[in-house]
Amino acid sequence: MAAGTDYSCFHLFAREEKLPDDELLPWEDDLRQHLLSLLSSAGKPIPLIDWINHRIGAEIEAVQDRTGASIIRLCARHGNAESKLERWFEKLPQDQLQTEELKLRNAIFDFFANLEFDKKALLDDLQQDAGVTSICAHFMPKVVSLREWIERRIGNHTIRFGTNPHGEDVVYLSAEGEADLLTYLQEGSSRKRPRQNENPDPLQQGGQCARAQLSSICSKLTEGAMGKESITYAVAKEGEKYVATVSLHCLSGEEFTGQPCDTVTEAKDSAANEAIEAKLSENPDIETKKKTRGSRKSKRRREALIDVDDPDYWRTLNMFCCRLHKRPNAKGDMTYDVEKLADDQFQATVTLNFLDGIKFTGEI
């Protein structure tokens, strides 16, 4: 594309939009900030035009105008899709959720109840959860995204969205959402979660996913010196499949690539399996955590031991929090701050970070 042609197209656009020569309009500055943030997060050049065509081509298209200049515009069919989306939402009751919507909300709660790590999850993982996708496919048209439904039908007072340091969309429960999840779990979930993989890898059998097992192994190898960025995953799409590479920053940046898989979650677990096999072959004395069928009875017995009259208050709180989010407490879920007062007295404050930082201060 010739530079003169490109300039001629832009010059016409600038004149129509009355773009000033010495400053950016607010919308231009917003676009500039988004592009800078995107490029900084990616750390490498991005084929923006090709990305638009391949990833969001149903909404935005990149084409050449009659002068040969590249332009982007809304797809003609996008307006029809938007109208269909609005009509679908208008048919829903405004003061309550329909039966299928309640099932979807419960499937989302089940997803959060089964998180292996902290309460924030990748939006992609939620969108590819077997329980969530099966319900969405049953009643939700394709023009409606899961995020759109959550924002318009549940609201951010329950489920919120954000972005992690890698620029990936994350989803998490608010404090009110945590309370709703607890109520849901207390009432009992009647839905059995569909199996993600009909032929699971042997390393995933026993109830612990490969990523959790890899984290446990690395924690032992580093003697607990693990942080949020100690293990990271990068996923690339190859045709209709996903391939993930796991980087063990806690172990000199070793990398392992998994097999092509149907979903992002399976791809990450495949990469984790490759790393697990390598680390176990190098360190055969490492004990891996396994669960057996007989552990259910033990689990019920442990839950029954939670006693509010137990003088070991730390143990009681720890076990209660484990039951609250249905997983072992992770480092940082609860923190204690102790202040030394006059006359050699002390006062402690416990912060429940997994519940939006709720604090409780004890007696002196």
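## Charges over rings

In this predicted model, the charged end of Arg-152 lies over the ring of Phe-89, at 4.1 Å from the ring centre. A second case involves Arg-147, whose charged end sits over the ring of Phe-161, 4.3 Å from its centre.

## Aromatic pairs

Four aromatic pairs turn up in a search of the whole structure. One of them joins Trp-88 and Phe-139 in a tilted arrangement, with 6.0 Å centre to centre and 40° between the planes. Trp-88 belongs to helix α4 and Phe-139 to helix α7, so this pair ties together parts that are 51 residues apart in sequence. Trp-88 and Phe-139 are both buried.

Phe-109 and Tyr-184 also pair: their ring centres are 5.6 Å apart and their planes meet at 45°, so the pair is tilted. Because Phe-109 lies in helix α5 and Tyr-184 in helix α9, the pair connects parts that are 75 residues apart in sequence. Phe-109 has 2% relative accessibility and therefore counts as buried. Tyr-184 is buried too, with a relative accessible area of 7%. Elsewhere, ring pairs link Phe-89 with Trp-88 and Phe-139 into a cluster.

## Nonpolar cores

The largest nonpolar core has 31 residues, and the members that touch the most others are Leu-104, Ile-108, Leu-126, Leu-146 and Trp-149. Elements giving two or more residues to this core include the helices α4, α5, α6, α7, α8 and α9, together with the strands β4 and β5. Helix α5 gives the most, with seven residues.

Leu-146 shows what such contacts look like. Leaving out residues up to four places away in sequence, Leu-146 touches Leu-104, Ile-108, Leu-126, Gln-127, Val-132 and Cys-136.

## Helix α10

Helix α10 runs over residues 210-221 and has twelve residues. From first C-alpha to last, α10 reaches 16 Å, close to the 16 Å expected at 1.5 Å a residue. Its buried residues are Ala-210, Arg-211, Ala-212, Gln-213, Leu-214, Ile-217 and Cys-218. What do the buried residues of α10 pack against? They pack against α6, β6, β7 and α11. Just after α10 comes Glu-223, with a positive phi of about 55°.

Strands β10 (residues 345-352) and β11 (residues 358-361) pair in the antiparallel sense over four bridges. Phe-360 in β11 is the bridge partner of Val-350.

Terms used
Residues numbered from 1 in each chain as written. Predicted model: local features only at pLDDT ≥ 70, side-chain atom pairs only at ≥ 80, totals over all residues. Heavy atoms only, no water. Core = buried A, V, L, I, M, F, W, Y, C linked by side-chain atoms within 4.5 Å. Buried < 20%, exposed > 50% of the residue type's maximum accessible area, 1.4 Å probe, protein only. Contact = heavy atoms within 4.5 Å. Expected span 1.5 Å × (residues − 1). Pairing = 2+ DSSP bridges. Phe/Tyr/Trp six-rings, centres within 6.5 Å; stacked < 30°, edge-to-face > 60°. Lys NZ or Arg CZ within 6 Å of the ring centre and 35° of its normal.
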